[in-house]
Amino acid sequence: MEAGKKKRFYWRWKWKRLITVFVVGYLGFWSIQSGLHIWVLSHDEATIMHHIQVVQSENTRLKQDMQELHNPALVKKMITGQIPVPNPNKP
């Protein structure tokens, strides 16, 4: 062997290793994507549930106001100023 020649180093990728790296990378990428989508969907679900609760509470209050307006004695007191008129914008 000559002193000037160096032995070259070659990366030898076996097919099994290449396929394994590809499959693990592919599954890792889509696992992260799925986790992010699940997190976003759970956040959106919590937001929507909060909005539903707000609307249900407003609906209950408006139903009570409607019952008061169907009572002629209370309407007469509202017209005469003895009791305040319900305000739907008031929390």
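Phe22, Tyr26, Phe29 and Trp30 come together as one aromatic cluster. This is a predicted model, so to read it: local features need pLDDT of at least 70, side-chain atom pairs count only at pLDDT 80 or more, and totals for chains, interfaces and linings use all residues. Numbering starts from 1 along each chain as its sequence is written, and side-chain values use heavy atoms, with hydrogens and water left out.

**Exercise 1. Work out how Phe22 and Tyr26 pair up.**

Step 1: A pair of aromatic rings is described by the distance of the centres and the angle of the planes.

Step 2: Rings of Phe, Tyr and Trp (its six-membered ring) pair if their centres lie within 6.5 Å; planes under 30 degrees apart are stacked, over 60 edge-to-face, and the rest tilted.

Step 3: Searching the whole structure turns up 3 aromatic pairs. One of them is Phe22 with Tyr26, stacked at 6.2 Å centre to centre with 25° between the planes.

Step 4: Check the spacing. Phe22 and Tyr26 sit about one helical turn apart because they are 4 residues apart in helix α1. Helices are DSSP runs (H or I, at least four residues) and strands likewise (E, at least two), numbered from the N terminus.

**Exercise 2. Now do the pair Tyr26 and Trp30.**

Step 1: Again the separation is about one helical turn, because Tyr26 and Trp30 are 4 residues apart in helix α1.

Step 2: Tyr26 and Trp30 pair edge-to-face, with 6.4 Å centre to centre and 65° between the planes.

**Exercise 3. Sort Phe22, Tyr26 and Trp30 by exposure.**

Step 1: Buried means under 20% relative accessible area, exposed over 50%, and partly exposed in between (1.4 Å probe, protein chains only).

Step 2: Phe22 has 59%, so call it exposed. Tyr26, at 47%, is partly exposed, and so is Trp30, at 41%.
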